[in-house]
Structures are given as C-alpha cells and as structure tokens.
Amino acid sequence: MTEAVAPEPTPEQAALFARVRRLMLIAGLTTALAMAAVVTAIGYRLFRGVGSTVASDVTAVLPKGARIVATTVAGDRLVVTLDVGGTTEILTYDAHTLKPAGRLNFVSEP
C-alpha cells in the first residue's frame, strides 16, 4: 500500500497558510465574542427581575358619597375617575405598586 505524500510547501505557500490561519483565528474569536454578547443580552433581559413585584391587597378609601365613573390603564398608571357630589375627580395609581401617583379635581366656576 502506498501513501500519498504531500510535497513541502514553498516559502510563499507557507506564508499564505500562516496568514489564512491567522485570519480564521480572528474570525472565530470575533464570532465567539458576538455570540457571547447576544447570550448575555438575552440572559439580562430574561433575568433582570421585571415583574418580580410582590402582589399586595390594597384598599382605597373613597370620599363619602363618591361614585366610580370609569377606570382605565394608561402606560404604567391605573386611572380611576370619580364623581364626588357633582364634581369630577381623577385618581392615578402606579400599576406595579398600587401607590397613589396623583389626584386631579375638577370644579365648576361659580
């Protein structure tokens, strides 16, 4: 059985092979770095803790004679519209913590 023997490369060919190996190493390292960045970004998005707030029971006290007219969600706020004795009042709460965020009263001019 005879073996095929590869001839020794010329100095120009050896230089070309070394250059190709170096370029392949650079491309491989760049690809690995890009993949690590993508995996890190995905991991950060998944595990950064959004939505890990503790649910709690909240009781809001309305003024005497108040009637809830409407409720809605605007962004990260919960908006409650009240009718209090003929005047309109808007209460806003943070949707994540249910803490009061603001109050707006509407009154008629005399």
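The model is a predicted one, in which local features need pLDDT of at least 70, side-chain atom pairs count only at pLDDT 80 or more, and totals for chains, interfaces and linings use all residues. Residues are numbered from 1 along each chain as its sequence is written, and side-chain values use heavy atoms, with hydrogens and water left out.

Let's start with the helix. Helix H1 covers residues 11-47 and holds Met 24; helices here are DSSP runs of H or I with at least four residues, strands are DSSP runs of E with at least two, and both are numbered from the N terminus. Val 20 sits in helix H1 too. Together with Leu 16 and Phe 17, these two residues make up a nonpolar surface patch with about 390 Å² of accessible area. A patch takes in residues with over 30% relative accessible area and no salt bridge, joining like charges within 9 Å and nonpolar side chains (Val, Leu, Ile, Met, Phe, Trp, Tyr) within 5 Å. The areas come from the Shrake-Rupley method with a 1.4 Å probe, and for residues only the protein chains shown count as cover. Met 24 counts as exposed because its relative accessibility is 57%, while Val 20, at 38%, is partly exposed. The labels follow set limits: buried is under 20% relative accessible area, exposed is over 50%, and partly exposed is in between (1.4 Å probe, protein chains only).

Now for the strands. Strand S1 (residues 66-74) pairs with S2 in the antiparallel sense over 8 bridges; for two strands to pair, DSSP has to find at least two bridges between them. Val 73 faces Leu 78 of S2 across this pairing. The hairpin of S1 and S2 has 2 residues between the strands, and in this hairpin Gly 75 has a positive phi near 70°. Another positive phi turns up at Leu 98, a residue other than glycine, with a value near 60°. Most residues other than glycine have a negative phi. Leu 98 belongs to the loop between S3 and strand S4 (100-106), and is partly exposed because its relative accessibility is 31%.

What about the inside? The largest nonpolar core is made of 5 residues, namely Val 80, Leu 82, Val 84, Leu 91 and Tyr 93. Strand S2 (77-84) and strand S3 (87-94) are the elements that each give two or more residues to this core, and S2 gives the most, with 3. A core of this kind is a set of buried Ala, Val, Leu, Ile, Met, Phe, Trp, Tyr and Cys residues joined through side-chain atoms within 4.5 Å. Not counting residues up to four places away in sequence, Leu 82 touches Leu 62, Pro 63, Ile 68 and Leu 91, among others; contact means heavy atoms within 4.5 Å. Two further residues of strand S2 are worth a look. Thr 81 lies in this strand and is buried, at 19% relative accessibility. Leaving aside neighbours within four places in sequence, its contacts include Arg 67, Val 69, Thr 88 and Ile 90. Val 79, also found in S2, is buried at 15%. With residues up to four places away left out, Val 79 touches, among others, Ala 70, Thr 72, Ile 90 and Thr 92.

Finally, the charged pairs. Side chains of opposite charge can pair when their charged atoms come close. There are 3 salt bridges in the model, where a salt bridge is a side-chain nitrogen of Lys or Arg within 4 Å of a carboxyl oxygen of Asp or Glu. One joins Arg 67 and Asp 83 at 3.7 Å, N to O. Arg 67 is in strand S1 and Asp 83 in strand S2, so this pair ties together parts that are 16 residues apart in sequence. Another joins Asp 94 and Arg 77, with the closest N and O atoms 3.2 Å apart. Here Asp 94 is in strand S3 and Arg 77 in strand S2, so the parts tied together are 17 residues apart in sequence. Asp 94 is buried at 16%, whereas Arg 77 is partly exposed at 34%. Glu 89 and Arg 103 also meet in a salt bridge, at 2.5 Å, N to O. That pair links Glu 89 in strand S3 to Arg 103 in strand S4, 14 residues apart. Glu 89 is buried at 9%, but Arg 103 is exposed at 55%.
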